[in-house]
Amino acid sequence: MTSAAGLGLYTKYLGWGTMFFDFDNDGWPDLLLVNGHVYPEVDKQHLGSSYEEPRILYRNLGNGTFADISAGAGPGINAAASSRGVAVGDLWNDGRMSAVVSNMNALPSLLVNQVRSPNHWIAIRTVGTKSNRDGVGARISAKVGTRTLVDEVRSGSGYDSSSDMRVHFGLGAATKVDSVQIRWPSGLVERFDNLPADSIHTLKEGSGISVTAEAKKPS
């Protein structure tokens, strides 16, 4: 499926950090890859590879395929480095996901998302009570119109990296999420209704509508 989706175009690069994130909040997660060779000596061998390599940004077209938009994505993507880890997060709490990249023997790179879009977004911060405090492992399903967006709370997200633990969903033109369902590590499943868009919601385990309890009610 990789080739059919338009991914894996650059076999000459040595990839490390890989992250899905919705940089334009259209509701379809895009893909960022950072690259870098292992050995600096490769530059002297003229083998078609270099120690420092550019990053790659694929835009999710929403139909099972991706488009390589690296060339027009700005200097943060085109700059060559021997990169390793990549972490993503909403660093300014404005709904725009940015990235931080670690580089070998160099300062880290901050890739600031400057995309201006009319699309909406929502972010969920989980607080566990019976489960672990940060809700790590919680599975979040957001019902938006005819679509259901799904993600999980993770403490580690990629090679030598840990991203923003708040779960971020791009919503496209939708101005609200019809319902959010959380399956907590404790086994509790509950629902939170009519959450407004363009905001970060802190959802505490046990404060929603128990889906398990509703299912047990007599009809």
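**View 1. Arg55, a buried residue without a salt bridge.** In this predicted model, Arg55 is buried, yet no salt bridge is formed by its side chain. The nearest side chain of opposite charge belongs to Glu52, and that side chain is 9.1 Å away. Arg55 sits in the loop between strand 2 (30-35) and strand 3 (56-60). What does the side chain of Arg55 reach at 2.7 Å? It is the backbone oxygen of Gly76. The side chain of Arg55 also makes a polar contact with the side chain of Asn103, at 3.2 Å.

View 2. Look next at Leu110, which lies in strand 7 (residues 109-111). Is Leu110 buried or partly exposed? Leu110 has a relative accessible area of 48%, so it counts as partly exposed.

**View 3. Tyr10 and Tyr13, a stacked pair.** The model has 4 aromatic pairs. One of them joins Tyr10 and Tyr13, with ring centres 5.5 Å apart. Their planes meet at 20°. Planes under 30 degrees apart count as stacked, so this pair is stacked. Tyr10 is partly exposed, with a relative accessible area of 31%.

**View 4. Phe20 and Phe66, a tilted pair.** The rings of Phe20 and Phe66 are 6.4 Å apart, centre to centre. The angle between their planes is 55°, and the pair is tilted. Where do the two residues lie? Phe20 is in strand 1 (residues 15-21), and Phe66 is in strand 4 (residues 66-68). The pair therefore ties together parts that are 46 residues apart in sequence. Phe20 has a relative accessible area of 48%, so it is partly exposed. Phe66 has a relative accessibility of 15%, so it counts as buried.

**View 5. Gly137 in its loop.** Gly137 is found between strand 8 (120-127) and strand 9 (139-144), in the loop that links them. Its relative accessibility is 40%, so Gly137 counts as partly exposed. How many residues separate Gly137 from Asp151 in sequence? They are 14 residues apart in sequence. In space, Gly137 and Asp151 are 9.8 Å apart, taken from C-alpha to C-alpha.

Technical notes:
Residues numbered from 1 in each chain as written. Predicted model: local features only at pLDDT ≥ 70, side-chain atom pairs only at ≥ 80, totals over all residues. Heavy atoms only, no water. Helix = DSSP H or I, 4+ residues; strand = E, 2+ residues; numbered from the N terminus. Buried < 20%, exposed > 50% of the residue type's maximum accessible area, 1.4 Å probe, protein only. Lys, Arg positive; Asp, Glu negative; His and termini not counted. Salt bridge = Lys/Arg side-chain N within 4 Å of Asp/Glu carboxyl O. Polar contact = N/O pair within 3.5 Å; in protein donor to acceptor, adjacent residues only side chain to side chain. Phe/Tyr/Trp six-rings, centres within 6.5 Å; stacked < 30°, edge-to-face > 60°.
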